[in-house]
Amino acid sequence: MKSLTYNNVRGRFKDMNTLLLAILLGLWNGVSQVIALSGIGIRTALMSGVVAGLLVGDPQSGLTIGATCTLMSIGFFTYGGATVPDYITGSIFGVVIAKETGNYDLGLTTAILLSLLMTQMDILGRASTTVFQHLADKALAQNSIKKFEMWTLAGTLPWMLSRFIPVFV
């Protein structure tokens, strides 16, 4: 694997392939969402901003945009299944845009807009888990515990994909 350096003159990722960057950031966002469902709090805007900053070679922008997104998200919680802006995914986009353009303000603006847009992906991810839950209910009615466990765990797949796909694409 090539080293993770950045060519400041051209404003392009020098050694890290954009596809690899998209995969790594998408996996971070998707897998951390599934881990967050278990109650482990590694999926924060600050942490995601720092991870994105390290991957693009600009940890300062990652820390700054991640911290700003964290401040904006204070007080937003999903009580009762409410959907709130996904500042975590927004911070990832914001860091990449800030690094590519060299403009922090543009990165932060992008982070805010995409955080609001991600509410739609959150609704899609939540709604599609019901398909797996109904399959799990049927398996339990048939007293098939293995299938019940499989369908219950498969219900985390839409959550992961609802965070992976937007970052990857």
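Predicted model: local features only at pLDDT ≥ 70, side-chain atom pairs only at ≥ 80, totals over all residues.

The list reads L25, W28, N29, S48, A52 and V167.

I92 also matters for the next item, the core. The largest nonpolar core has 18 residues. L25, I65, C69 and I92 touch the most other members. Four helices each supply at least two residues here: helix 1 (18-37), helix 2 (45-56), helix 3 (59-73) and helix 4 (87-101). Helix 4 gives the largest share, 6 residues. As background, nonpolar side chains in soluble globular proteins tend to be buried together.

Now the whole chain. We have 7 helices and 2 strands. From the N terminus, the order is β-β-α-α-α-α-α-α-α. Of 169 residues, 38% count as buried. The accessible surface comes to about 9500 Å². Carbon and sulfur atoms hold 68% of that surface. On contacts: take pairs at least 6 apart in sequence, and 65% of those contacts join residues at least 24 apart.

Last, helix 5, residues 104-141. What caps its N-terminal end? N103 does, with a side-chain oxygen 3.0 Å from the backbone nitrogen of D105. After helix 5 comes N143, with a positive phi near 60°.

That's the tour. Questions, please.

Note on methods:
Residues numbered from 1 in each chain as written. Heavy atoms only, no water. Core = buried A, V, L, I, M, F, W, Y, C linked by side-chain atoms within 4.5 Å. Buried < 20%, exposed > 50% of the residue type's maximum accessible area, 1.4 Å probe, protein only. Contact = heavy atoms within 4.5 Å. Areas by Shrake-Rupley, 256 points an atom, 1.4 Å probe, with all protein chains shown as cover. Expected span 1.5 Å × (residues − 1). Polar contact = N/O pair within 3.5 Å; in protein donor to acceptor, adjacent residues only side chain to side chain. Lists of a residue's contacts leave out its neighbours within four places in sequence.
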